[in-house]
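Please look over the two-chain complex shown below. The report after it takes one chain, then the contact, then the other chain.

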Amino acid sequence: MDSALERYSRQMRFYGIGEAGQRKLIESHVTLCGCGALGTVLANVLVRAGVGHLRLVDRDFIETNNLQRQVLFDEHDVAENLPKAEAAARKLAAINSSVHVEPIVTDIDRTNIVELVKDADVILDGTDNFEVRYLINDVAVKLGKPWVYGGCIGSHGQTMTIVPGETPCLRCVFEAAPAPGEAGTCETAGVLSPIVNIVASYQAAEAFKILVGAKQQINRELIYIDVWENILKRIKIAPLFGKVDCPCCRHKRFDWLDGEHGTQTTSLCGRNAVQVSHRRAERLDFEAMARHLQTLGDVQYNRFLLKFDVDGFNFTVFPDGRAIIKGTNDVEKARTLYAKYIGY
Amino acid sequence: MAIRIHIPTPMRQHTDGNAVVEVSGETIQAALDALGEKYPAITQRVFDNGQVRRFINIYLNDEDIRYLDNLETAVKDGDEVSIIPAVAGG
């Protein structure tokens, strides 16, 4: 056996992969949207399996309450104030140095998603909100790329695989996103690590099938699992394809991609925090900002982010101008705070 | 025997904490109406102007009612009806 393949020997012995399948995995490009609970499990599985090129996109930084379920992070990452994508990439490089991992710290939106996914063979959902999922769905249907949805809360989770032109898309199955507070969030209802691992592992298996070309094995149902209540349901959704008058996959209306939905400033559900996305052409100069802000409150920064505490509000500012402001759910208030301390 | 309606966790505050409620009825609509009679507060969590809220799906056993006869889909004793909202977290 080729010595570079030796590390994958157990996986290659599996009849569904083989050496040919392994070589396909090594040649594959995957874009993973979100690197939190689902995302870290997905990235860990894919990198160990030798998926050759992994683009890891996440907007957030690591907090202590992430460590219970976000398997690639540790206390040191929290102390270092690292963004999730960067910390994950460092761990993944130590796990499998032959894989090319590309960490990107940004908020996924309609202006950058095409660039992020255009060379991907499959798009994986590790996000925590439907705004981005509908955007992924739009771009996947438009470009004809398969993607795998996953979602978890409490002790239950769901996953489905979307193959444009063959299966129902996300909007066929879920016509709308729950409004904030209507279905609970991980912050209000909590989330158990085992359900995250199960859903993400299922998503990863789907990615393997797509990447090695085992099309007949792809899951074409909505899988619903509850590890506390012992429920395992497989809902037949295939008949929805073509039956639902779907604006996205039937009428090719891409409302999220074409900008009819989505906002520049978003309240982060259940977190008492608001994200202000005010993208700039030039990177912020943290050193200069820190000099200015330290007369007003406590400031710390590294090359990835700047943290600033003032009047009970906690700012995390990224070099592209985006900020997460903790201490309010009020979007207008957050815009005012941004203008006051970060400026336009 | 009866029709068993599975209540999702965020809605159980309206069913006295019950995960499953047994009702009778000949269609999905009748079964959900019977649920609403037992626990009136749940109706507006499931319906908006008489339509199932768009982020909620209703499944009869392992099928989506939208490709059956929707709310008019016939049900019988022993059927399992699940109210399942989209899951956002991750």
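## Chain B as a whole

In chain B, 51% of the contacts between residues at least 6 apart in sequence join residues at least 24 apart. Two residues are in contact if their C-beta atoms, placed from the backbone, lie within 7 Å. The model is predicted: local features need pLDDT of at least 70, side-chain atom pairs count only at pLDDT 80 or more, and totals for chains, interfaces and linings use all residues. Residues are numbered from 1 along each chain as its sequence is written, while chains are lettered from A and ligands numbered from 1 in the order in which they are written.

Chain B has two helices and seven strands. Its elements run β-β-α-α-β-β-β-β-β from the N terminus. The radius of gyration of chain B is 12 Å, close to the 12 Å of the globule rule for 90 residues, so chain B is as compact as a globular protein of that length. That radius is taken over C-alpha atoms, and the rule is 2.2 Å times the number of residues to the power 0.38. Helices (H or I, at least four residues) and strands (E, at least two) are DSSP runs, numbered from the N terminus. Along the principal axes, the C-alpha atoms of chain B fill a box of roughly 35 × 30 × 25 Å.

## Confidence

Chain B averages a pLDDT of 94, and 100% of the residues score at least 70. pLDDT is the predictor's confidence in each residue, from 0 to 100. For the complex, the predictor gives an ipTM of 0.92 and a pTM of 0.88.

## Inside and outside chain B

Of the 90 residues of chain B, 40% count as buried. A residue is buried if 20 or more other C-beta atoms lie within 10 Å of its own, exposed if 12 or fewer, and partly exposed in between; C-beta atoms are placed from the backbone. Val81(B) sits in strand S7 (residues 80–85). It counts as buried because it has 23 C-beta neighbours inside 10 Å. Leaving out residues up to four places away in sequence, Val81(B) touches Ile3(B), Ile5(B), His6(B), Ile28(B), Ala31(B), Ile58(B), Leu60(B) and Val75(B).

Two loop residues are exposed. Asp16(B) lies between strand S1 (3–6) and strand S2 (20–23), and has 9 other C-beta atoms within 10 Å. Asn49(B) lies between strand S3 (47–48) and strand S4 (51–52), and has 5. Asp16(B) is not a glycine, yet its phi is positive, about 55°. Asn49(B), not a glycine either, has a positive phi of about 55°.

## Where the chains meet

The contact takes 39 residues from chain A and 18 residues from chain B. On chain A, helix H3 (37–49), strand S5 (147–153), strand S6 (156–162), helix H9 (186–189) and strand S8 (231–236) each supply at least two residues.

## A covered helix in chain A

Helix H7 of chain A covers residues 130–143. Of its 14 residues, 11 are buried. Among them are Phe130(A), Arg133(A), Asp138(A) and Val141(A). Their cover includes strand S1 (29–33), helix H6 (113–117), strand S4 (122–125), S5, S6 and helix H8 (170–173) of chain A. Gly144(A) follows H7(A), with a positive phi near 70°.

## Domains of chain A

Chain A is assigned domain 1 (3–240) and domain 2 (265–341). These bounds come from an automatic or database domain assignment. Taken over C-alpha atoms, the centres of the two domains are 28 Å apart.

Notes:
Expected span 1.5 Å × (residues − 1).
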